[in-house]
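Subject: Structure for you to look at

Dear colleague,

I am passing on the structure we spoke about, and below it you will find my notes on what turned up when I went through it. Please read them with the structure open beside you.

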Amino acid sequence: MPSPFAPTALIGESFVGEGANAAHTNVVIGRKGGPVETAWATALATPSAGHVPFLTIVRPSVPVKPLTLFVTKAAADGELHQRATWGSAQAGLAQGVTDAVRDGLLPAEEADDLLIIAAIWVNPAVDDLDVSFRNQRSAAYGAVRAAVNATPTVADVLAIAEEGPANPFYVPTSEALAR
């Protein structure tokens, strides 16, 4: 009998888009009965002010499979940011996870035995729900793909780090990078 998919935990990350509608997604994938289930249930049962984890749905009363916990990185602030968080980003996450099952990244026959925790960034300045959805769908799929394929590798990280770190909020100067 082959070993089960994700016997402990798989971790992935993806950033898609730019500006206010970009999506940044981190995922942890694991099996029911393991440490991911403990973290999943604990997160669901212990919300904090402005950060209320919730079950990701495809449609009302139809949770995505594997069951996926949406954890906000930014407290929903204002009507459009709330609609993006609970609407377009949630729908994008649900579709990205469903795409990963459909494409075989996540085994459909084990979907009921798996759990996903997804930490999602929705910029409070979001201004286009359709772009937010598309970016989150791609970021969710990319994070799952990275988790399943264990990418980037350490060699990839070391090679990229030669150029120095960079992110949408900060790129160090060559002087700051000098040792």
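Strand β7 (residues 114-122) is mostly covered, since seven of its nine residues are buried; buried here stands for under 20% relative accessible area, exposed for over 50%, and partly exposed for what lies in between, with a 1.4 Å probe and protein chains only. Helices (H or I, at least four residues) and strands (E, at least two) are DSSP runs, numbered from the N terminus.

Before going further, please keep in mind that this is a predicted model, in which local features need pLDDT of at least 70 and side-chain atom pairs count only at pLDDT 80 or more, while totals for chains, interfaces and linings use all residues. Residues are numbered from 1 along each chain as its sequence is written, and side-chain values use heavy atoms, with hydrogens and water left out.

As for the record, UniProt lists residues 11-161 under "domain: Formaldehyde-activating enzyme" in an unreviewed entry; its positions are given in the numbering used here, feature names are shortened, and annotations may be inferred rather than shown by experiment. Over residues 11-161 the chain is 42% helix and 25% strand, with the end C-alpha atoms 20 Å apart.

The sheet

Five strands make up an open sheet with mixed pairing, in the order β1-β2-β7-β6-β3, where two strands pair if DSSP finds at least two bridges between them. Its edge strands are β1 and β3 (54-55), each of which pairs on one side only. Strand β1 (residues 9-16) runs antiparallel to β2 and is joined to β2 by eight bridges; A9 stands opposite G30 in β2, and F15 has H24 of β2 as its bridge partner. These two strands form a hairpin with six residues between them, and G17 in the turn has a positive phi of about 95°.

Strand β2 (residues 23-31) is in turn joined to β7 by nine bridges, again in the antiparallel sense. Along this pairing V28 stands opposite I117 in β7, and T25 has I120 of β7 as its bridge partner. Strand β6 (residues 67-72), by contrast, pairs with β7 in the parallel sense, over six bridges, and there T68 stands opposite I116 in β7. Between β6 and β7 the chain crosses through helix α2 (residues 79-102), and this β-α-β crossover is left-handed; the convention is that a crossover is right-handed if, with the strands pointing away from the viewer, the path from the first strand over the helix to the second runs clockwise.

L115 counts as buried because its relative accessible area is 3%. L115 and A6 are 109 residues apart in sequence, and their C-alpha atoms are 9.8 Å apart in space.

T72, in strand β6, is likewise buried, at 9% relative accessibility. Residues up to four places away in sequence not being counted, T72 touches G50, H51, V52, F54, T85 and I120.

Helix α2

T85 is also where α2 bends, by about 35°, the bend at a residue being the angle between axes fitted to the seven residues ending there and the seven starting there. At 1.5 Å a residue, the 24 residues of α2 should span 34 Å, and this agrees with the 33 Å between its end C-alpha atoms; the expected span is 1.5 Å times one less than the number of residues. Just after α2, G104 takes a positive phi of about 85°.

Backbone points to check

A cis peptide bond, with omega about 0°, joins K65 and P66, and P66 is found in the loop between β5 (62-63) and β6. Another cis peptide bond, also with omega about 0°, joins T151 and P152, where P152 lies in the loop between α3 (129-149) and α4 (154-161).

A150, in that loop between α3 and α4, has a positive phi of about 55° although it is not a glycine, and A150 is exposed, with a relative accessible area of 55%. S61 likewise has a positive phi, of about 70°, although it is not a glycine; S61 sits in the loop between β4 (57-59) and β5 and is exposed, at 76% relative accessible area.

With best wishes

How values were computed: Contact = heavy atoms within 4.5 Å.
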